[in-house]
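Hello,

Here is the structure I promised to pass on to you. My notes on what turned up in it follow below.

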Amino acid sequence: MGQLAGVHKVLPPHRYEQHEIRDALVAIGAVRPEARGLLARLHEGSTVRGRHLALPLERYADLGGFGAANDAYVAAALELGEAALRGALADAGVAASEVDLVVSTSVTGLAVPSIEARLSGRLGLRADVKRLPVFGLGCLAGAAGLARVHDYLAGHPGEVAVLLAVELCSLTIQRSDSSPANLVAGSLFGDGAAAAVVVGRDHPAARGARGPATVATRSRLYPDTGHLLGWDVGDGGFRILLGSDLPDTVLRHLGAEAREFLADHDLKPHDVEHWICHPGGPKVLEAVRDSLDLPARALETTWRSLAEVGNLSSASVLHILRDTLDRERPLPGTPGLMLAMGPGFSSELVLLRW
């Protein structure tokens, strides 16, 4: 079991309204003229009002290929990642030298050495800090990262673990792809980072922490669903794979999975006070709600995050966790459920208790 001691969210300084991003995609030729009407409908239906981007809009026209985009990714990821880690450590009251494990996740760029390795000296992490960079879990990785931190701390109850999520979705732009999947992605995804500091039950920072404890986790990989979500990696970088039947798959599987998981802990969906749900998009959120027969208010914080900043891939659930702490102010003893879905197709559930 781990205790959340601190969480901090970070957004790039370049914020644009949805119509500004839509017009820029058209201007740089990322959308064929005949697809402009579809793009406008998708942007309007996304419920996203605005997004933060790693670069000023005018710079995206100059990204000539995967190499240039990835260079921009590394530069921005270091800046945002450092701010997220420093903020989370300060929120927890934990020194960087106390950190025993760093799990870092991203699916929107590549860095070797990894981002947390490059930040180690800047932050003052110990030379013997354990590091686990994760690539490939996509939107699932924020919840899965917290779950793996939980597993680690169960065996190291006196230690400190940090989860870092940095996602710069805008830098995966595909100007030659006018497929519906790419147009949908262009209407939903934003850029951001977040970090969480989690301590074992025997660590002094566990006492008095206002964040929740991680009680239990469950991972599920659904067979024959690999076509639904992922990257097609080519010379131009990361081209999104996004199946139109994704919401139906969520509706078909997630409710039963979550109910069974909660039942193992003598809970039902209506017992859960706080839902920290990844904002996959309007149709996915509606499928989550319907599969669990949730009241509209249950996912209100997630809907608000989607509207304000878009889908931040793995960083979203940590942003929503921070928003839950600030806006919902959970009472001690109340249960919460973090859930996310990602490539595979897969789901991750993390039971929380304040």
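**Around T249**

T249 touches T225, L228 and F345, not counting residues up to four places away in sequence; contact here means heavy atoms within 4.5 Å. Its place is in helix 7 (residues 246–263), where helices (H or I, at least four residues) and strands (E, at least two) are DSSP runs, numbered from the N terminus. T249 is buried, with a relative accessible area of 2% (buried means under 20% relative accessible area, exposed over 50%, partly exposed in between, with a 1.4 Å probe and protein chains only).

A word on the source: this is a predicted model, so local features need pLDDT of at least 70 and side-chain atom pairs count only at pLDDT 80 or more, while totals for chains, interfaces and linings use all residues. Residues are numbered from 1 along each chain as its sequence is written, and side-chain values use heavy atoms, with hydrogens and water left out.

**The cores**

The largest nonpolar core has 51 residues, and V99, I115, L168, L171 and V197 touch the most other members. Such a core is a set of buried Ala, Val, Leu, Ile, Met, Phe, Trp, Tyr and Cys residues joined through side-chain atoms within 4.5 Å. Helix 3 gives the most to this core, with twelve residues. Leaving aside neighbours within four places in sequence, I115 is in contact with Y73, V74, A77, L78 and L164. A second, separate core of 37 residues includes W275, V288, L294 and L337.

Happy browsing!
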